[in-house]
Amino acid sequence: MNRIVRAHIFLTILTIISGFNYTIAKKVMPEFIQASSIIWIRMVCTATFFLLFIALSKRSFKIEQKDYVRLFLCAIFGIVINQIFFFEGLSRTSPINTSLIMSGIPITVFILSIAFLKEKMNAWNLFGLLLSATGAVILLLDSRGKFEGLFIGDVFILINAISYGIFLILARQLMRTYDSVTVIFWIFLMGACLSFPYSYLNYTTTDWLHIPTYAWLSLGFIVVFATIVNYYIGVDVLKDISPAVSSMYVYIQPIVTTLVALYFGSDALDDKKLLSSIAILVGVYLVGKSTKSTTLDDSAQ
């Protein structure tokens, strides 16, 4: 399979996972487990998984000293800031508001890509970006959220979106030299250590014996799919497509979020939502089609 096509298939899968994650995460927090505890659990589980994966597959743990700073910054922006502000924000606001604010990720990535990766923006890029953004805004404004509760939770989600955009740029540079699983292991190990003081108190006060089964299943989804699978594929595809194209898939998340809401009976579908969804998908297609997807070796030339 063509690696570019493969990358887009994987990004579609990740988008579906992320769309479900908004609603599933609300099933477990903050009623049963606080956001800080979930963050630390997913960091420790992910670091442990990739430790075993690298050891059993006999891959290298080695990172050159010259890349320590970049690796540390990836841990800060891609794990610590990203995870803390996402889950703390989601615990305070709605999935609808969250997916809307997350639509700002491509703006951050485009700006950083132009500044640091010499990414070129053309008219189709701009048109696709505006079309997708318009569709996302119309879709979500027509939902029951309608910007209700724009308070500290929404601000946290915005910080998370900006932080993740920075992470995509930093991580892509590391893909020049290292295996993606090696990068993920180190950034999650650093993230677990750095977030421990923040997570410790709520972790020790949680009533773990009385958490219902569906909450445990929700936590399992967050750890396995929304973390391990999400980060592994999300970083790996940066070898084949640019961060700008990768980040555009965030616009499909509102569609998945809406479908999940329909399934649980918390929203209704009308012509406006359908048209908005079409606008989002067309916008993603235009940006993906018109942006030159380069490999890391190409971008380094």
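Which helix holds Thr 15? Thr 15 sits in α1, the helix of residues 3-28. Helices here are DSSP runs of H or I with at least four residues, strands are E runs of at least two, and both are numbered from the N terminus.

A word on the model comes next. This is a predicted model, in which local features need pLDDT of at least 70 and side-chain atom pairs count only at pLDDT 80 or more, while totals for chains, interfaces and linings use all residues. Residues are numbered from 1 along each chain as its sequence is written, and side-chain values use heavy atoms, with hydrogens and water left out.

Start with the whole chain. The protein chain has 13 helices and zero strands. Of its 301 residues, 54% count as buried. Buried means under 20% relative accessible area, exposed means over 50%, and partly exposed lies in between (1.4 Å probe, protein chains only). Contact means heavy atoms within 4.5 Å. Among contacts in the protein chain with a separation of 6 or more, 93% join residues 24 or more positions apart.

Now return to α1. Thr 15 has 3% relative accessibility, so Thr 15 counts as buried. Leaving aside neighbours within four places in sequence, Thr 15 touches Tyr 249, Ile 252, Gln 253 and Val 256. Asn 21 is also found in α1. Its relative accessible area is 6%, so Asn 21 is buried. With neighbours within four places set aside, Asn 21 is in contact with Phe 86, Phe 221, Ile 222 and Ala 226.

Thr 258 belongs to helix α11, residues 253-263. Thr 258 counts as buried because its relative accessibility is 6%. Thr 258 and Gly 19 are 239 residues apart in sequence, yet 8.5 Å apart in space, C-alpha to C-alpha.

Next, the helix pairs. Axes are lines fitted to C-alpha atoms, for helices over the stretch in contact, and angles run from 0 to 180 degrees between N-to-C directions. Helix α3 (residues 68-90) packs on helix α7 (residues 152-174) at about 155°, with axes 8 Å apart. The two helices, α3 and α7, are therefore roughly antiparallel. Angles over 145 degrees count as roughly antiparallel, under 35 as roughly parallel, 65 to 115 as roughly perpendicular, and the rest as oblique. α3 passes α7 in a left-handed crossing. Left-handed means that the near helix is turned anticlockwise from the far one by less than a right angle; clockwise is right-handed.

What packs α2 against α8? The angle between α2 and α8 is about 150°, and their axes lie 7 Å apart. α2 and α8 are therefore roughly antiparallel to each other. Their crossing is left-handed. The contact of α2 with α8 has 19 nonpolar, eight polar and one charged residue. Here Ala, Val, Leu, Ile, Met, Phe, Trp, Tyr, Cys and Pro count as nonpolar, Asp, Glu, Lys and Arg as charged, and the others, Gly among them, as polar.

Finally, the cores. A nonpolar core is a set of buried Ala, Val, Leu, Ile, Met, Phe, Trp, Tyr and Cys residues joined through side-chain atoms within 4.5 Å. The largest has 53 residues, of which Met 29, Ile 38, Phe 87, Ile 187 and Phe 188 touch the most other members. Elements giving two or more residues to this core include α1, α2 (35-56) and α8 (180-205). A second, separate core of 15 residues includes Ala 7, Ile 17, Ile 24 and Val 245.
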